[in-house]
Amino acid sequence: MKHDTGYKLLFSHPEMVRDLLCDWVPGDWLAEADFSTLERMNASYVAENEKERHDDMVWRLRLRDRWLWVYLVLEFQSEADRWMALRMLVYAGLLAQDLVRRGELSDGKLPPILPVVLYNGQPMWSAPTNVRDLFVAPPPGLADHQPNFAYHLIDEARLRLHPATSVRNAVEALFRLEHGRSPDELRRVIQALDALLRDPQQQPMRRSFTNWIKRLLHRKAASTTLSAMATEIDAMSDFMEADSMLAERIETWFEEATQRGLQQGIQQGIQQGIQQGIQQGRVEGRHEGEAHLLARLLAQRFGPLPEWVDQRLKQASEDELSSWGEAVLSAPTLAAVFGERQR
């Protein structure tokens, strides 16, 4: 949850939304966009039976002579939401109702709305992006009456990013840090991000990145080391302080995380082996006990048992022992208990 909050804080900065739209939402509309007018709007309007959606962000910017409204949803679920297209249709409808209520119209018509979903999960997004694909095919003649509304999906884990040494903007740096796999890659991205955010006017966003990187380091560090490093991480006042820390510490974190994972795997394997052994021992012990009891019953009824009976009992299955146990009282001979002719 803290990680999600840090993400939302980052995208509360207009520079982040600008870079997200410019790089990952293609179209000729960008030529008309004046990103200096980008401003965040109140997104607290809801239907009477819904809770307020704090995850949603609504922005607007000028397109020459009209406004474009951007409905941005940050999706932090581990899997794709099958009904996201329907959710976005409802969200856009609520936004449109609010625009009508506040008189945000152009020549009596609603302004254009751009619905965007930013997804940072690892599994590939598989849900339909158009609400029409959530409905069965309509009868002939009714196609025009079906909803047709699509959102733009930005699937972080599958974006084609530039090499870490040439990070274009803060959004790409965020994506690279989020999905970085090595300490060296994290260091290079942080260094590139430092160069991007040195302007004094970007200090608010730099502070937001510092808070987010702290949480990132907590997540990347092994939990065995985390307790010792937590104070050092939390005391970091600027994310570039992490550079020297990364050089000295994060390699150890990654190694210890790997080692700890290996140890956990070995321990789990041992525990599973012990449990399987115990279970197998219980089964074998019960089987041996049943065979021994049956041998005593057979001896009491038919006298001393020949060697072949002992061999049959040792090799018997559970079902065979049960069947022979039922036959021991009614069978006329020892051989008949086992379904054989008299030996």
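Among contacts in the protein chain between residues at least 6 apart in sequence, what percentage join residues at least 24 apart? The share is 65%, where a contact means heavy atoms within 4.5 Å.

This is a predicted model, in which local features need pLDDT of at least 70 and side-chain atom pairs count only at pLDDT 80 or more, while totals for chains, interfaces and linings use all residues. Residues are numbered from 1 along each chain as its sequence is written, and side-chain values use heavy atoms, with hydrogens and water left out.

The protein chain has 11 helices and 5 strands (DSSP runs numbered from the N terminus: helices are H or I with at least four residues, strands are E with at least two). Of its 343 residues, 41% are buried (under 20% relative accessible area; exposed is over 50% and partly exposed in between, with a 1.4 Å probe and protein chains only).

The 5 strands form an open sheet with mixed pairing, in the order β1-β2-β3-β4-β5. β1 and β5 stand at the edges with a single partner strand each, so one side of each has no neighbour in the sheet. Two strands pair if DSSP finds at least two bridges between them.

| Edge strand | Residues |
|---|---|
| β1 | 33-41 |
| β5 | 152-155 |

Strand β2 (residues 56-63) pairs with β3 in the antiparallel sense over 8 bridges. One of the residues involved is Asp-56, whose bridge partner in β3 is Val-73.

Trp-83 lies in the loop between β3 (66-75) and α3 (84-102). Trp-83 is partly exposed because its relative accessibility is 39%.
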